[in-house]
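Have a look at the sequence and the fold below, and keep both open as we go.

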Amino acid sequence: MKTSFNLLVLAVLIAATTYSAAAQSLASLDFVPPVLTEKPKKQSTAADKKDRMEASFNGGVAKMSRYLQSAVKYPALAQDNSVEGTVVVAFHVEADGSVTKPVIVKPLGFGCDEAALKAIADMPAWTPAIREGKPVATRVQTAINFSLR
């Protein structure tokens, strides 16, 4: 019994250390790449690859990062109050590639949420997701980091 408890404590410590290291590496980013929030319905095979594609920002993650860095304005209220942190935004990429329905998943406040929503709402069209060879709407989630450094 004592051995299993020690193993459990060790496993928790390893998991906490791994999480902490991952969180620290994300803390230095201005932008966290988008994550698709819908679950795939089935495993794709080599034959399905051309019939299935996830939504993507035109130009890739690096271009999206540059866009967000230029489009997101750090709110004066947040700067005056030394507010730093991350806003998580979810939105839909419609079948025509347009970005719609942005919502805050994790707020920060002090005007940061509104700045993130505006940048996402003004975002240029994406390449839509493809399912069974046809463009479909999908939900995407991304994080925007506000840092005074």
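In which sense do β4 and β5 pair, and over how many bridges? The pairing is antiparallel, and 5 bridges hold the count. Bear in mind throughout that this is a predicted model.

How enclosed is β4 by the rest of the structure? Largely so, because 7 of its 9 residues are buried.

Now step back for the overall plan. The protein has 4 helices and 9 strands, and along the sequence they follow the pattern α-β-β-β-α-α-β-β-α-β-β-β-β. Of its 149 residues, 28% count as buried. Take the contacts between residues at least 6 apart in sequence: 74% of them join residues at least 24 apart. As for the surface, the protein exposes about 9400 Å², with carbon and sulfur atoms supplying 61% of that.

There is also an open sheet of 3 strands, in the order β2-β7-β8, with antiparallel pairing. The edges belong to β2 (52-53) and β8 (134-136); each has a single partner strand, so one side of each is left without a neighbour in the sheet. Between β7 (residues 129-131) and β8 there are 3 bridges, and A129 stands opposite V136 in β8.

Next, the helix α4, which spans residues 112-121. Its buried residues are C112, D113, A115, A116, A119 and I120. Why do they line one face of the helix? Seen down the axis of α4, they fall within an arc of 165°, so they share that face. The background is simple: an α-helix has 3.6 residues a turn, so residues three or four places apart point the same way. On the other side of α4 you'll find E114 and K118, both exposed. The buried residues of α4 pack against α2 (60-71), α3 (76-80), β4 (85-93), β5 (99-106) and β9 (138-146), which brings us back to the strands we began with.

Most residues other than glycine have a negative phi. S82, in the loop between α3 and β4, has a positive phi near 50° without being a glycine. This residue is exposed, with a relative accessible area of 53%. F110 sits in the loop between β5 and α4, and its phi is also positive, at about 60°, although it is not a glycine. Is F110 buried, exposed or partly exposed? Its relative accessibility is 38%, so F110 counts as partly exposed.

Definitions and conventions: Residues numbered from 1 in each chain as written. Predicted model: local features only at pLDDT ≥ 70, side-chain atom pairs only at ≥ 80, totals over all residues. Heavy atoms only, no water. Helix = DSSP H or I, 4+ residues; strand = E, 2+ residues; numbered from the N terminus. Buried < 20%, exposed > 50% of the residue type's maximum accessible area, 1.4 Å probe, protein only. Arc of directions from axis to C-beta. Contact = heavy atoms within 4.5 Å. Areas by Shrake-Rupley, 256 points an atom, 1.4 Å probe, with all protein chains shown as cover. Pairing = 2+ DSSP bridges.
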